[in-house]
Amino acid sequence: INSTRGKVDAAVAKAAELRAEITQRRNRMKHQNSQVNLLSGGVTKIVGYSLALSPITDIPTNVLEVFDGSVQTSLTAFALRQEREEAKMEHGMPSILESFLTGRDAAAHFPPSVWNYLNNDSPGEPGIKSRRQILIDGWQKSGVLAKARVDGPQTRLKRNVTIELLDQRLAMLSDLKSAISEMHNGLMELNDAIVLSYAADPTM
């Protein structure tokens, strides 16, 4: 149980690190854009329209307009390059979460006892749904996980990385960790039953 929880924690840490890096990059870009927009959209227009008030020539105003358009075009190109760089940082869904969803390579991430526990019927719905299926259905119902995402290979399905996408993965990893941790309760009940049986008949 602790080994599997450690793997989930590692995936959580990786997703959280990526989220923090993207947030920092976007905040920095937003701050730079605000400064540039102040210069190109504010100062240049004030100067340009001030010059336009005097009937000397339209050349300075036109030059400032060209400068303003060039700056805005550069900002757009920079934003597109930033998106491409963020896309390269995206490596798909964590492998342990993909195995949980699809069942592929489950043995590489989940010990047999943990995997069997997750695929056994939930006490609340015996013979109907497993703990694993209840989690997946809950994610789909809440919109955290799209239904199409369960069928195909997750790591090869490229998506534009967003803060919302990473938050969804962090939420699913947190739920998975909680489900695994609940296995401790069953072990404690088994331990209590053994202790009680020994107290009732020590010769056994």
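The protein chain has 204 residues, of which 30% are buried. Its secondary structure consists of eight helices and two strands, and along the sequence these follow the pattern α-α-α-α-β-β-α-α-α-α. Among contacts in the chain with a separation of 6 or more, 70% are between residues 24 or more positions apart.

The average pLDDT is 75, and 57% of the residues score at least 70. Residues 152–158 have a pLDDT below 50, although this stretch has 17 contacts in the model beyond near neighbours in sequence. Where pLDDT is low, predicted coordinates should not be read in detail.

The interior can be described next. In soluble globular proteins, nonpolar side chains tend to be buried together. The largest nonpolar core here has 24 residues, and those with the most contacts inside it are Phe100, Phe110, Leu118, Trp139, Leu176 and Ile180. Two or more residues each come from α1 (2–52), α3 (95–102), α4 (112–119), α5 and α7 (163–181). Helix α7 gives the largest share, five residues.

Helix α7 has 19 residues, which should span 27 Å at 1.5 Å a residue; its end C-alpha atoms are 27 Å apart, so the two values agree. Its buried residues are Ile163, Leu165, Leu166, Arg169, Leu170, Met172, Leu173, Leu176, Ala179 and Ile180.

Leaving aside neighbours within four places in sequence, Phe110 contacts Thr4, Ile96, Ser99, Phe100, Trp115, Leu118, Leu176 and Ile180. The side chain of Ser99 makes a polar contact of 3.5 Å with that of His109. Beyond residues up to four places away in sequence, Ser99 touches Arg104, Asp105, Ala106, His109, Phe110 and Trp115.

Leu118, another partner of Phe110, is found in helix α4. Leu118 is buried, with a relative accessible area of 0%. With neighbours within four places in sequence left out, its contacts are Phe100, Phe110, Ser130, Arg131, Arg132, Leu176, Ala179 and Ile180. Leu118 and Gln133 are 15 residues apart in sequence, and their C-alpha atoms are 8.6 Å apart in space.

Two of the residues that Leu118 contacts, Arg131 and Arg132, are also among the buried residues of α5, together with Leu135, Ile136 and Trp139. Seen down the axis of α5, these buried residues fall within an arc of 135 degrees, so they line one face of the helix. An α-helix has 3.6 residues a turn, so residues three or four places apart point the same way. Helix α5 covers residues 131–142, 12 residues in total, and reaches 17 Å from its first C-alpha to its last, close to the 16 Å expected at 1.5 Å a residue. Just after α5, Gly143 takes a positive phi of about 90 degrees.

Methods. Residues are numbered from 1 along each chain as its sequence is written. This is a predicted model: local features need pLDDT of at least 70, side-chain atom pairs count only at pLDDT 80 or more; totals for chains, interfaces and linings use all residues. Side-chain values use heavy atoms; hydrogens and water are left out. Helices (H or I, at least four residues) and strands (E, at least two) are DSSP runs, numbered from the N terminus. The expected span of a helix is 1.5 Å times one less than its number of residues. Buried means under 20% relative accessible area, exposed over 50%, partly exposed in between (1.4 Å probe, protein chains only). The arc is that of the directions from the helix axis to the C-beta atoms. pLDDT is the predictor's confidence in each residue, from 0 to 100. Contact means heavy atoms within 4.5 Å. A nonpolar core is a set of buried Ala, Val, Leu, Ile, Met, Phe, Trp, Tyr and Cys residues joined through side-chain atoms within 4.5 Å. A polar contact is a pair of N or O atoms within 3.5 Å; within protein, one must be able to donate a hydrogen and the other to accept it, and residues adjacent in sequence count only if both atoms are side-chain atoms.
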